[in-house]
Amino acid sequence: MRESKSGRGLRERIARYVRHQRLRLLRVKASPESVARGMAIGVFVGFIPLLPSQTLVAVGLAVMLKSSKLAAAIGTLVTNPFTWVFLYLLFYRIGRAILPFDIPPLDISRLDARTLLDSGWRMAAAMVAGGLILAVPSSILAYYASLRGILAYRTRRTER
């Protein structure tokens with residue numbers, strides 16, 4: 001089966017975008033610790049379902065914690081249009097499994113406004129709880145992976 005040009009073009013644009021963001025992050029003039037802390041903040045906030053305002057929250061926290069604002073903004077891209085549905089369903093299932101109160105199972109085929117209104121706060125609580133469970137280890141991993149990557153990049157760059 002042949003691949004369409006538009007599909008290949010989209011993949012190439014996404015790959016180019018990811019490479020560009022990675023280079024922007026590596027070239028930030030801030031200390032490696034500040035950049036890594038910003039990345040960890042961004043990933044942490046990215047795992048909390050705050051969709052339209054994730055970047056604002058992450059950048060605000062980065063300012064308060066004296067971290068890289070750019071890294072925080074880039075870190076929120078862990079949730080993006082390609083991963084939102086998958087991650088939010090995962091957050092919901094994890095939250096539903098750990099919270100002590102009754103949360104209805106999510107049946108997407110029968111999801112209507114009435115169901116959302118009746119169980120909205122419980123569904124939101126499940127998503128936030130599940131997101132927090134995944135946010136902590138993910139942000140720790142993001143911190144150390146970013147720190148190591150930035151230090152390695154800067155070492156290679158000074159050797160040239």
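Among contacts in the chain (heavy atoms within 4.5 Å) between residues at least 6 apart in sequence, 69% join residues at least 24 apart. The structure is a predicted model, in which local features need pLDDT of at least 70 and side-chain atom pairs count only at pLDDT 80 or more, whereas totals for chains, interfaces and linings use all residues. Residues are numbered from 1 along each chain as its sequence is written, and side-chain values use heavy atoms, with hydrogens and water left out.

The secondary structure consists of six helices and zero strands, assigned as DSSP runs numbered from the N terminus (helices: H or I, at least four residues; strands: E, at least two). Along the sequence the pattern is accordingly α-α-α-α-α-α. Of the 160 residues, 32% are buried, where buried denotes under 20% relative accessible area, exposed over 50%, and partly exposed the range in between (1.4 Å probe, protein chains only). The chain exposes about 10,500 Å², of which carbon and sulfur atoms supply 65%; accessible areas come from the Shrake-Rupley method with a 1.4 Å probe, and for residues only the protein chains shown count as cover.

The largest pocket has a volume of about 580 Å³. A pocket is here an open set of points on a 1 Å grid over the protein atoms alone, where a 1.4 Å probe fits, with protein on both sides within 12 Å along at least five of seven lines; lining residues have an atom within 4 Å of a point. Grid points are joined across faces, edges and corners, and the volume is the space filled by probe spheres set on the points. The lining comprises 24 residues, with Tyr17, Val18, Gln21, Ile74 and Leu77 nearest the centre of the pocket. At least two lining residues come from each of helices H1 (5–26), H2 (32–46), H4 (69–75) and H6 (113–159), and H1 contributes the most, with seven. By residue class, the lining contains 16 nonpolar, seven polar and one charged residue (nonpolar: Ala, Val, Leu, Ile, Met, Phe, Trp, Tyr, Cys and Pro; charged: Asp, Glu, Lys and Arg; polar: the others, Gly among them).

Two individual residues were also examined. Arg24 belongs to helix H1 and is partly exposed, at a relative accessible area of 36%. Its C-alpha lies 8.8 Å from that of Ala71, although Arg24 and Ala71 are 47 residues apart in sequence. Lys66 occupies the loop between helix H3 (54–64) and H4 and is exposed, with 68% relative accessibility. The phi of Lys66 is near 50°, a positive value in a residue other than glycine. Most residues other than glycine have a negative phi.
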